[in-house]
Amino acid sequence: MTVKDLMDTGKFQVVSPGDDTERVIEKVFCCDLLSVAMGRAPSGCAWVTVMGNMNTLAVASLTDAACVILAEGAALDEVAEKKAAQQGITVLATEEPIFETAMGIYQSL
Amino acid sequence: MEDAIVLTYEVSPDDFTRAGEASSDVKSKLKQMGVSPEAVRKVAIAMYEGEINMVIHAKGGEITVSITPEQITMVLADVGPGIPDVELAMKAGYSTAPDEIRSLGFGAGMGLPNMKKYTDEMNIDTTVGVGTTITMVVKL
C-alpha cells in the first residue's frame, strides 16, 4: 500500500500531504518516546504516535519513515505544520486510538 | 584525508525547534553524493542523537563531519558539564534529562546507546567541568 492509497481511504485528516505519496508503506511502527523511535523506527514505516511536536518531524525525516500518523486526536502546532509542509513530510491525523489505527493500516498492507 | 569533504555546524543551545537541522543537512548532502541509504540513515540517527544531547546537556557546540570514499567521521565537541560516569551514561535507560525534556519525548536514556548502535566506531573524550568531544565513524 502506498502513502497515497492510505490517504485515499478517507479515514484520515491530511495535515501535510508530503512530497512522496507514491512511497510504499512497508511496516507499521508505534512509539511515543522519540529517543526510542529514533533507534527503532524502520525505514519506510507508517509511524503511529500521539507525540506531535517539531522533533517528531525531525525523527520521521531522519529515520526515513514513509509517513507520520497522529492518533488519539493529537495535532501539530502551527510552526510544526509549516515545517512538515516545507520538508515534504506526510502527516495524517485521526481521532482513533493508536492500536486501532496501527492495526487498521497493518491489515491493509 | 586530503580528499575529505568537511562540513561544519554550530549547534545553538536550548533551541529544540532547530535541533536536527545540522543532521538533516548532512543527510541531504550525503544523499546527493550517492552514499547508500543505509549509511545515510546511520549517520543521520547517530548525529541527531548527538545534536540533541548537545542542546539538552551542554550549551550547544560544534559538529564537524568529514566525508571520504571510505568513511564518514563525525566529531561533536561541546564545552558543557562533561560526563562524570561514561559507563553509566552508556547504559540504556539511564538519563539525567530534566522533566521538560521528557515531556517532549526525549530523555529515555537511549541517546548514547543509539549512537553506539548506529556507528562502527565511537569514542567519548570527556572531562567534568570542561566539556565532551564525541568522535563517531560510519564505514562506507
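## A covered helix in chain B

H2(B) is mostly covered, with 16 of its 20 residues buried. Buried means that 20 or more other C-beta atoms lie within 10 Å of a residue's own; exposed means 12 or fewer, partly exposed lies in between, and C-beta atoms are placed from the backbone. Helices (H or I, at least four residues) and strands (E, at least two) are DSSP runs, numbered from the N terminus. At 1.5 Å a residue, the 20 residues of H2(B) should span 28 Å, and the end C-alpha atoms are 28 Å apart, which agrees. The expected span is 1.5 Å times one less than the number of residues in the helix.

## Model and confidence

This is a predicted model, in which local features need pLDDT of at least 70 and side-chain atom pairs count only at pLDDT 80 or more, while totals for chains, interfaces and linings use all residues. Residues are numbered from 1 along each chain as its sequence is written, and chains are lettered from A and ligands numbered from 1 in the order in which they are written.

The model scores ipTM 0.76 and pTM 0.86. Chain B averages a pLDDT of 92, and 99% of the residues score at least 70. Here pLDDT is the predictor's confidence in each residue, from 0 to 100. Where pLDDT is low, the predicted coordinates should not be read in detail.

## Chain A overall

Chain A has five helices and five strands. Along the sequence they follow the pattern α-β-β-α-β-α-β-α-β-α. The C-alpha trace of chain A spans about 30 × 25 × 25 Å along its principal axes. A compact globule of 109 residues would have a radius of gyration near 13 Å; chain A has 12 Å, which agrees. The radius is taken over C-alpha atoms, and the globule rule is 2.2 Å times the number of residues to the power 0.38.

Of the 109 residues in chain A, 45% are buried. Take the contacts in chain A between residues at least 6 apart in sequence: 46% join residues at least 24 apart. Two residues are in contact if their C-beta atoms, placed from the backbone, lie within 7 Å.

## Chain B overall

Chain B has five helices and five strands. From the N terminus on, its elements run β-α-α-β-β-α-α-α-β-β. The radius of gyration of chain B is 14 Å, close to the 14 Å that the globule rule gives for 140 residues, so chain B is as compact as a globular protein of that length. Its C-alpha trace spans about 40 × 30 × 25 Å along the principal axes.

Buried residues account for 37% of the 140 in chain B. Among contacts in chain B with a separation of 6 or more, 61% come from residues 24 or more positions apart.

## Helix H1 of chain B

H1(B) covers residues 21-33; its 13 residues should span 18 Å at 1.5 Å a residue, and the end C-alpha atoms are 18 Å apart, which agrees. The buried residues of H1(B) are B:Ala22, B:Ser23, B:Val26, B:Lys27 and B:Leu30. Seen down the helix axis, they fall within an arc of 135 degrees, so they line one face of H1(B). The arc is that of the directions from the helix axis to the C-beta atoms.

What do these buried residues pack against? On chain A, the partner is helix H3 (54-63). On chain B, the partners are strand S1 (5-11), helix H2 (37-56) and strand S2 (61-67). Just after H1(B), B:Gly34 takes a positive phi of about 85 degrees.

## Where the chains meet

The contact takes 18 residues from chain A and 21 residues from chain B. On the chain A side, H2 and H3 each supply at least two residues. The largest share of that side, six residues, comes from H3(A).

The chain A side divides into nine nonpolar, seven polar and two charged residues. Ala, Val, Leu, Ile, Met, Phe, Trp, Tyr, Cys and Pro count as nonpolar, Asp, Glu, Lys and Arg as charged, and the others, Gly among them, as polar.

## Loop residues of chain A

A:Gly44 lies in the loop between helix H2 (34-40) and strand S3 (45-49) of chain A. A:Gly44 is partly exposed, with 16 other C-beta atoms within 10 Å. Beyond its neighbours within four places in sequence, A:Gly44 is in contact with A:Val24, A:Ile25, A:Glu26, A:Lys27, A:Asp64 and A:Ala66. A:Gly44 and A:Thr63 are 19 residues apart in sequence and 8.5 Å apart in space, C-alpha to C-alpha.

Most residues other than glycine have a negative phi. A:Asp64 has a positive phi, near 65 degrees. A:Asp64 sits in the loop between H3 and strand S4 (67-70) of chain A, and is partly exposed, with 19 other C-beta atoms within 10 Å. A:Glu72 also has a positive phi, near 60 degrees. The loop between S4 and helix H4 (78-87) of chain A holds A:Glu72, which counts as partly exposed with 17 C-beta neighbours inside 10 Å.
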